[in-house]
Amino acid sequence: MTNLLKRATSGFIYAVLFITAILYSKESYIVLISLFGFISIREFLNLLKFNNIIIYMLFIGLIYLPFSSLDSSVLIDVLLVLSISGSIQLLVNLFIKKKNYPSNTIQKLDISIRYLLLSFTFLILLPFINGGYEASVILSLIIFIWVNDSFAFFVGKNLGKRKLFESVSPKKTIEGFLGGVFFTLITAFLVSYFCDFLSLTNLLVISLIASILGTIGDLVESKFKRQANTKDSGTIMPGHGGILDRLDSLLFVAPFVYLYIHYLI
């Protein structure tokens, strides 16, 4: 089987599995994201050369949040602040050229929690709004991420000349980035005809968040992989790498979209 066929097959299975879990029920969505979470934790800890059972135990506890009555509690507020502060720290770290970050146990534990665990937590919590499960919210976000990635690659490959962040991801271009943003905005108009829960304005804002921060999320994971001297976070998806490779943009975006939907709309 050629690499292209392997990539297409594993990508198709991943997409069908993801969409089916979202649409079938809130329980199937939580189960799938939790499974992705455990796999991604293993992949991320391997990148950091860090093995700590505390990370897995904390994640098990966080999985129960959608079933609790804590959605609007101080706990969620604190977790959101911690998550977004971790994302901002990683954004700043993109511009720092030291190769051993995080370099000690405390730093590794800290960034594993604030970046990975809390990103998965808010990815799980994202479609739970006002006591209900809104599948269209997470489905719209995933569509925006996929469209942005696809058109950024297509436009960048055919028209890209100026590098976006060459020290971290040599293949990304400014033209590709702008192409991804443009086509994701167009997609928001199309999604608005099928999504009754979110207005066109809100979909446009979320599509911008997905495009801009999704690209940053991809760069963040690329730097972790570059520091670990590896091409992929794992091998579970032939032609794509690991689960973390497929979810890096979505994970980085999730806390910010949660903030927008639950606190700003």
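The mean pLDDT of the chain, the predictor's confidence in each residue from 0 to 100, is 88, and 92% of the residues reach 70 or more. This is a predicted model in which local features need pLDDT of at least 70 and side-chain atom pairs count only at pLDDT 80 or more, whereas totals for chains, interfaces and linings use all residues. Residues are numbered from 1 along each chain as its sequence is written, and side-chain values use heavy atoms, with hydrogens and water left out. Confidence is lowest in helix α1 (residues 3–24), at a mean of 82, and highest in helix α7 (residues 174–191), at 95. Helices (H or I, at least four residues) and strands (E, at least two) are DSSP runs, numbered from the N terminus.

The largest nonpolar core comprises 78 residues, and Phe18 and Leu141 have the most contacts inside it. Such a core is a set of buried Ala, Val, Leu, Ile, Met, Phe, Trp, Tyr and Cys residues joined through side-chain atoms within 4.5 Å; buried means under 20% relative accessible area, exposed over 50%, and partly exposed in between (1.4 Å probe, protein chains only). Helix α9 (residues 243–264) gives the most to this core, with 13 residues. Leaving aside neighbours within four places in sequence, leucine 141 is in contact (heavy atoms within 4.5 Å) with Leu126, Ile206, Ala210, Leu250, Val253 and Val257.

Helix α5 (residues 105–125) has 21 residues and spans 28 Å from its first C-alpha to its last, close to the 30 Å expected at 1.5 Å a residue; the expected span is 1.5 Å times one less than the number of residues. A kink of about 30° in α5 is centred on isoleucine 113, the bend at a residue being the angle between axes fitted to the seven residues ending there and the seven starting there. Because 16 of its 21 residues are buried, α5 is largely enclosed by the rest of the structure.

Strands β3 (residues 163–165) and β4 (residues 169–173) pair in the antiparallel sense over 2 bridges, where pairing requires that DSSP find at least two bridges between the strands. A hairpin of 3 residues joins β3 to β4, and lysine 163 stands opposite threonine 173 in β4.

Two asparagines in loops complete the account. Asparagine 130, in the loop between β1 (128–129) and β2 (132–133), has a positive phi near 55° and counts as exposed at 79% relative accessibility. Asparagine 229 is found in the loop between α8 (200–227) and α9; its phi is near 60°, a positive value in a residue other than glycine, and asparagine 229 is exposed, with a relative accessible area of 73%.
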